[in-house]
Every structure is written in structure tokens, then in C-alpha cells.
Amino acid sequence: MAIVKSNDAEMEVQDGEPIIDVCEELGVCFGCQAGNCGACLTNVTDGMENLSEYSEQEKMFGVEGKERLICQCIIKSGEVTLDI
Ligand code: FES
């Protein structure tokens with residue numbers, strides 16, 4: 001079981017699963033849910049190594065540093081903290 005944290009809450013998610021649903025509950029806003037619109041762009045403050053590699057959509061969008069398009073992220077295991 002993996003954990004996604006925001007500044008004041010945390011939620012469990014199965015290892016190897018997308019984090020879009022729990023992040024919606026944590027307060028991330030979504031639009032296209034396909035890596036195109038950028039609505040879900042969020043900074044990962046801790047645990048970037050526990051997320052999937054950048055998707056092709058994220059590369060095309062040009063995310064960098066601590067940024068991720070959350071609709072594209074799968075958590076491998078462990079904990080991830082987001083700046084929501
Ligand atoms: S919801 Fe559009 S890029 Fe993630």
C-alpha cells in the first residue's frame with residue numbers, strides 16, 4: 001500500500017495504481033485527464049522517485065523539476081507528498 005500526502009491530508013492507494021482518484025479527493029483540479037491541458041500540474045515536494053517515469057504527454061508538455069501532471073502519474077510504492 002502506497003500513500004499520497006498533501007499539506008494537511010493523506011490517502012492510501014494500491015502500489016502500481018494511478019493516483020488521479022485520490023488526488024482529486026486531496027484537492028487537485030483536473031481537466032482533460034489525458035496529459036494535454038495542464039490543469040493538474042502540481043509540484044511533488046517529496047517522493048518523486050516513487051512515481052512512474054514521465055509519460056510522453058508530460059515530456060511534450062515540458063514538465064520539469066518537481067512538476068508532474070498528476071493525471072499521468074502512477075505510484076510505484078512508498079510515499080509521495082504533493083504541494084496542493
Ligand atoms: S488533467 Fe489535463 S493534463 Fe492532467
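Helices (H or I, at least four residues) and strands (E, at least two) are taken here as DSSP runs, numbered from the N terminus. The structure is a predicted model, in which local features need pLDDT of at least 70 and side-chain atom pairs count only at pLDDT 80 or more, while totals for chains, interfaces and linings use all residues. Residues are numbered from 1 along each chain as its sequence is written.

Five strands form an open sheet with mixed pairing, in the order 2-1-5-3-4. Strand 2 (10-13) and strand 4 (67-69) are at the edges; each has a single partner strand, so one side of each is left without a neighbour in the sheet. From one strand to the next, the twist averages 35°, with axes being lines fitted to C-alpha atoms and angles running from 0 to 180 degrees between N-to-C directions. Two strands pair if DSSP finds at least two bridges between them. The pairings of strand 3 (residues 41-46) are listed below.

**Nonpolar core**

A nonpolar core is a set of buried Ala, Val, Leu, Ile, Met, Phe, Trp, Tyr and Cys residues joined through C-beta atoms within 7 Å. A residue is buried if 20 or more other C-beta atoms lie within 10 Å of its own, exposed if 12 or fewer, and partly exposed in between, with C-beta atoms placed from the backbone. The largest such core has 16 residues, and Val4, Ile19, Cys23, Ile70 and Ile75 have the most contacts inside it. Strand 1 (2-5), helix 1 (20-26) and strand 5 (79-83) each give two or more residues to this core; helix 1 gives the most, with 3 residues. Beyond its neighbours within four places in sequence, cysteine 23 is in contact with Val4, Val28, Ile70 and Leu82, contact being C-beta atoms, placed from the backbone, that lie within 7 Å.

**Glutamine 33**

Glutamine 33 lies in the loop between helix 1 and strand 3. Its phi is near 60°, a positive value in a residue other than glycine. Most residues other than glycine have a negative phi. Glutamine 33 counts as partly exposed because it has 16 C-beta neighbours inside 10 Å.

Terms used: Contact = placed C-beta atoms within 7 Å.
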